[in-house]
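Here are my notes on this one, written as numbered points. Have a look at the fold first, then read along.

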Amino acid sequence: MSQPSITDRLGDPETAREEGRRKMDWAMQHMPILQSLSGEFASEEPLDGEVVGMAMHVEAKTANLVELLAEGGAEVAITGCNPLSTHDDVSAALDAHPRITSYAERGVDDEQYYADIEAVIGHEPTITVDDGMDMVAAIHESFPELIDTIVGGCEETTTGVHRLRAMDADGELKYPVFAVNDTPMKTLFDNVHGTGESALATIAMTTNLSWASKTVVVAGYGYCGKGVAKKAAGQNANVVVTEVEPRRALEAHMEGYDVMPMADAAEVGDVFITTTGNRDVITREHFEVMQDGVLLANAGHFDVEVNLDHLSDMAVDQYEARDGVDAYELKDGRRLNVLAEGRLVNLAAPIALGHPVEVMDQSFGVQAVCVRELVEHGEEYGAGVHDVPDDLDREVAEIKLAAEGVEYDSLTDEQAEYMDSWDHGT
Ligand code: NAI
């Protein structure tokens, strides 16, 4: 089915901008970290003179990060990092800002998706902020002449960091990039709680079905998989985990989940949620043994975890069963239901809102202080993937705890010395 054009979808552009702004304002009320940084960025303008090029999910929470960077003095150009995750009204609200250009549009085809990334690169960014590494890849492949003037970049997600580390290992990454994904303030909250809550909420809202008593197969027991498994169990589902890494499989087993190969899980699951960042996790052999009516959803970054080419080959009919649900009917009458075209369900389903605001406040707080760090100390980092300095991550945690009114202890001098010494014992 072809997408309506952006003009049809937006209707009156002014109304769309207002609606986008309303969504951003709602989110900002629940983003104490960005609020706190916004005071500092607006008064000190630490990013003055920089151009930030971004490829991220363009929705209300990200939009508040984009505005924060613009308030900090940067010119910002942004596009989406997934063709289905853009909220056009938010994109329109951002584009109205004098220092921001947004190229993001929901439902673009592959050609337009990459053309929009090139349009952002046309602003000649000095800093890149990516979710999945598509911007870094495009700069290295097609615009290497810009690399000398790029101070550095930040990467938001696990898949992007994996790709960057592979590129770095091959000696091909030519500027410094912070692995924002890998910080405690991001991974332990966004990947675990964010993906767990938003993937399950989106699946439930998209299908109007209950979790109670369902057998939910979670593929991959990494940060995202742990969150999905825990929250599904919390809603009275029976959780089955599939893994390829023995310690993670053991961890899932010790948490009390059933662990088994996908070939066996395929026979018993009612709902399948992939969170591996890998490809071909669910394929023809699995579709062959699944029950009628199963739900197939992906929460990993790319739409390659559930092999839809295999499923299309096997299907005798394919139709939209509900908004965001495509039914594939097989020769024997079984219907396998794919959510959000196999793209990351919590962002790409029609009603998807992405992660809860509070966790994105943390992730984007880390992004903002990393961009500031690149401007202030970028020359100290060589080309390659860098861990985010721990003091920056702590700074974001401290802002959040203060906003929540949570007090906590500090080490005494004696304790600090004890923890740092080796020559003590009984
Ligand atoms: P992770 O590396 O902690 O976990 C992935 C797990 O999948 C690993 O334990 C790995 O052993 C396992 N795995 C790999 N291939 C497998 C296979 N064929 N079968 C079963 N298990 C397999 O990564 P994390 O942080 O959990 O991220 C997973 C994916 O989710 C990435 O693509 C990441 O970019 C994406 N992500 C999505 C979010 C969302 O909003 N939906 C939010 C954050 C990350």
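1. Let me begin with the stretch that carries an annotation. Residues 191-352 have their end C-alpha atoms 16 Å apart, and the span is 37% helix and 24% strand (helices being DSSP runs of H or I with at least four residues, strands runs of E with at least two, numbered from the N terminus). The label comes from UniProt, where an unreviewed entry gives residues 191-352 as "domain: S-adenosyl-L-homocysteine hydrolase NAD binding". UniProt positions are in the numbering used here, feature names are shortened, and annotations may be inferred rather than shown by experiment.

2. A word on provenance. This is a predicted model: local features need pLDDT of at least 70, side-chain atom pairs count only at pLDDT 80 or more, and totals for chains, interfaces and linings use all residues. Residues are numbered from 1 along each chain as its sequence is written, and side-chain values use heavy atoms, with hydrogens and water left out.

3. Val76 has Ile100 as its bridge partner in β3.

4. Which residues touch the most other members of the largest nonpolar core? They are Met54, Leu69 and Val76, in a core of 48 residues. Helix α16 (residues 357-377) gives the most to this core, with 10 residues. A second, separate core has 28 residues, including Leu200, Trp211, Val218 and Ala232. For the record, a nonpolar core is a set of buried Ala, Val, Leu, Ile, Met, Phe, Trp, Tyr and Cys residues joined through side-chain atoms within 4.5 Å. Buried means under 20% relative accessible area, exposed over 50%, and partly exposed in between (1.4 Å probe, protein chains only).

5. Setting aside neighbours within four places in sequence, Val76 is in contact with Val52, Met54, Val66, Leu69, Ala70, Arg99, Ile100 and Thr101 (contact meaning heavy atoms within 4.5 Å).

6. On to charges: a search of the whole structure finds 22 salt bridges (a side-chain nitrogen of Lys or Arg within 4 Å of a carboxyl oxygen of Asp or Glu). In one of them, the side chains of Asp182 and Arg165 meet at 2.8 Å, N to O. Asp182 is in the loop between β6 and α9 (184-207) and Arg165 in helix α8 (residues 158-169), so this pair ties together parts 17 residues apart in sequence.

7. Lys226 and Glu251 also form a salt bridge (3.0 Å, N to O). Buried or partly exposed? Lys226 counts as buried at 19% relative accessibility, whereas Glu251 is partly exposed at 34%.

8. Glu395 and Arg372 form a salt bridge too, with their closest N and O atoms 2.8 Å apart. Glu395 lies in helix α17 (residues 390-404) and Arg372 in helix α16, 23 residues apart. Arg372 is buried, with a relative accessible area of 9%. Salt bridges that share partners join Glu40, Arg372 and Glu395 into one network.

9. Last, the hairpins. Strand β13 (residues 325-330) has 5 of its 6 residues buried, so it is largely enclosed by the rest of the structure. Strand β12 (residues 315-322) runs antiparallel to β13, with 6 bridges, and 5 bridges join β13 to the antiparallel strand β14 (residues 335-339). Gly324 takes a positive phi near 90 degrees in the β12 and β13 hairpin, which has 2 residues between the strands. In the hairpin of β13 and β14, with 4 residues between the strands, Gly333 takes a positive phi near 95 degrees.

Notes: Pairing = 2+ DSSP bridges.
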